[in-house]
Protein chains: 2
Amino acid sequence: MNVLSFQCFYQKFATNYHIAMSSKIKPIKSVSLVEQVEQRILEFLKENRFKSGDSLPGEIELAENLGVSRNIVRESLSRLRMLGVVESKKRKGMFIAEPDILSGIERIMDPDLLGEEAMQHIFELRLVLEVGMSELLFIRKNDSDVDNLQEIVDREANDPLCKTDLQTRLAHEIEFHSYLYKMSGNGTLNRFQSMLLPVFHYMMQQESKSAAQPKRGSISHNDLVETLRSGTAYEFRENMRNHLTPHFSKLS
Amino acid sequence: MNVLSFQCFYQKFATNYHIAMSSKIKPIKSVSLVEQVEQRILEFLKENRFKSGDSLPGEIELAENLGVSRNIVRESLSRLRMLGVVESKKRKGMFIAEPDILSGIERIMDPDLLGEEAMQHIFELRLVLEVGMSELLFIRKNDSDVDNLQEIVDREANDPLCKTDLQTRLAHEIEFHSYLYKMSGNGTLNRFQSMLLPVFHYMMQQESKSAAQPKRGSISHNDLVETLRSGTAYEFRENMRNHLTPHFSKLS
DNA sequence: ATCTAAAATATGTCCTACATATAAAATTAA
DNA sequence: TTAATTTTATATGTAGGACATATTTTAGAT
């Protein structure tokens, strides 16, 4: 299917150059043309429900009908391309694609970019996810998963550096928990966790630096594996909560 | 602090117009200049740790030193602006800002844009969050929160339409659960949930359409409020899990 | 009919010019 | 001298034209 008739889409955009503000006070931030066009295109794509693969009008046609320069349209499309909403091929044109929920997050999930508050939120989010994830794990776990997890735990237990080196301990910690996300069978959740690692790593170091008490919960990784093998989702949830107690106890 | 000395940043970018592929096979997707520049700028911002508010070089200077046109730089910066990594003022130039983790998601969280798999992942994610959220609620709840929640539940119980109209039932359902996120004290989590609503709404309608059995768990909203008032985080977690049983039971 | 070469086309990139807003400087008024 | 006002300088915002590049389609040759 090809996208035709953009009439409703184009309506009176070319005439209204500036944002309309009938009787209201002037807004603080005047929205740039790029943002307006971006929103306009997004709304259009939402209203008419295009299938992935449908083709869009060319940039020039869009620009002419919207009454803006091709540059503006290109900047808007560049943003949508980043989000995965559209794709473009050299001579074919632009197509609808299925957006990637995490493509935006992926770019900015970094301790050197995010603020302290955002990182705190993310760290809490991680705790929430790991406790709430239990049900998914029990629905989708299989024997080889548990075996692999057991192997990870054994490697950790036999690593002599684990007692002394924080980095080593962190690496094992991350490997274990990462595998849980993988087992969840939820690709988005799994990818999110892997993106979250730098922030997680940063927060853990901060934590160990300030408190100087890397006290662990009474539930070990090994206990968790055992619960996963022969326990219930309900038990695993509470054990995970217990395992994460050192982190929960720092919240306020 | 002003950003000076971009030497390391600019290094041999102007010379290498195309991506280097020394001995490897040609990649499937040749990365566009915009993406390269976007990545380069992001890396630069990560490596040197700028405070929010630091000023960046102007577009023209960036373009010249990177060996690309101003258009390319502008498209890249437009993306970063969308993510909230940078902000720009008319005569001042561009500044570092604290990125918004959810700005990308906000734009695409729509049933008409996302694919079925993505929506399934998001729906599962919602279940995970609400079960895992319990601890945050008990850490941050206060009396007025519980009262407000009780009021929401009472309104639901006294709404006669609740028995017959699916939309009404959904509205109450959403109001209740939304308030829980608000109570979590985690702004990012709360905003995420509000963005998630359209997808949630869509999935619930799909569910009620297919199964025609809107059977509820044995735990009601009223039970959850009571648990929140005088129970423990542990009890609330399990009650919430029970409340969501109709949804969990459809997973595979 | 098959393979090959040329043309057509939409995106990708570059360039120049001007519009616009606003901080900073210069000027005038009190 | 100080305060208010006007002017100027500057970086982003927008416009439009030109060419590069890749790839589909068409035309042509074997």
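Let's start with B:Arg155, which is partly exposed, with a relative accessible area of 38%. The terms work like this: buried is under 20% relative accessible area, exposed is over 50%, and partly exposed is in between, using a 1.4 Å probe and protein chains only. B:Glu175 is partly exposed too, at 30%.

A word on the ground rules. This is a predicted model, where local features need pLDDT of at least 70 and side-chain atom pairs count only at pLDDT 80 or more, while totals for chains, interfaces and linings use all residues. Residues are numbered from 1 along each chain as its sequence is written, chains are lettered from A and ligands numbered from 1 in the order written, and side-chain values use heavy atoms, leaving out hydrogens and water.

Back to our pair. The side chains of B:Arg155 and B:Glu175 meet in a salt bridge, 2.5 Å from N to O. B:Arg155 sits in helix H8 (residues 143–157) of chain B and B:Glu175 in helix H9 (residues 166–183) of chain B, so this bridge links distant parts of the chain, 20 residues apart. By salt bridge I mean a side-chain nitrogen of Lys or Arg within 4 Å of a carboxyl oxygen of Asp or Glu. Helices are DSSP runs of H or I, at least four residues long, strands are runs of E, at least two, and both are numbered from the N terminus.

How many salt bridges are there over all chains? The count comes to 30. Next example: A:Glu59 and A:Arg74, with side chains 2.7 Å apart, N to O. A:Glu59 lies in helix H3 of chain A and A:Arg74 in helix H4 of chain A, so the pair ties together parts 15 residues apart in sequence. A:Glu59 is buried, at 13% relative accessibility. A:Arg74 is partly exposed, at 25%. Both belong to a network of salt bridges that links A:Glu59, A:Arg70, A:Arg74 and B:Glu75.

Stay with helix H3 of chain A, residues 59–66. Which of its residues are buried? They are A:Glu59, A:Leu62, A:Ala63 and A:Leu66. These residues cover an arc of only 95° around the axis, which puts them on the same side of H3(A). The arc is taken from the directions from the helix axis to the C-beta atoms. On the other side of H3(A), A:Ile60 and A:Glu64 are exposed. After H3(A) comes A:Gly67, with a positive phi, near 75°.

Now the contact between the chains. Chain A gives 55 residues and chain B gives 55 residues. Contact here means heavy atoms within 4.5 Å. The area buried between chain A and chain B is about 5,300 Å², and carbon and sulfur atoms give 59% of it. A:Ile101, A:Arg107 and A:Leu113 supply 12% of the area that chain A buries against chain B, more than any other three residues. Buried area is the accessible area (1.4 Å probe) that two parts lose on being put together, summed over both.

Between chain A and chain B there are 10 salt bridges. There are also 23 residue pairs in polar contact, both at pLDDT 80 or more. A polar contact is a pair of N or O atoms within 3.5 Å; within protein, one must be able to donate a hydrogen and the other to accept it, and residues adjacent in sequence count only if both atoms are side-chain atoms.

Several helices give two or more residues to the side of chain A that touches chain B, among them H2 (33–47), H6 (116–132) and H11 (187–211). H6(A) gives the largest share, nine residues.

One pair deserves a stop. A:Glu38 and B:Arg107 form a salt bridge, 2.4 Å from N to O. The pair crosses between chains, from helix H2 of chain A to helix H5 (residues 103–108) of chain B. Is A:Glu38 buried or exposed? A:Glu38 is buried, with a relative accessible area of 0%. B:Arg107 counts as buried at 14%. Leaving aside neighbours within four places in sequence, A:Glu38 is in contact with A:Ser76, A:Arg79, A:Leu80, B:Met82 and B:Arg107. The C-alpha atoms of A:Glu38 and A:Glu75 are 8.5 Å apart, though 37 residues separate them along the chain.

Last stop, the core. The largest nonpolar core has 144 residues, and A:Leu45, A:Leu180 and B:Leu180 touch the most other members. A nonpolar core is a set of buried Ala, Val, Leu, Ile, Met, Phe, Trp, Tyr and Cys residues joined through side-chain atoms within 4.5 Å.
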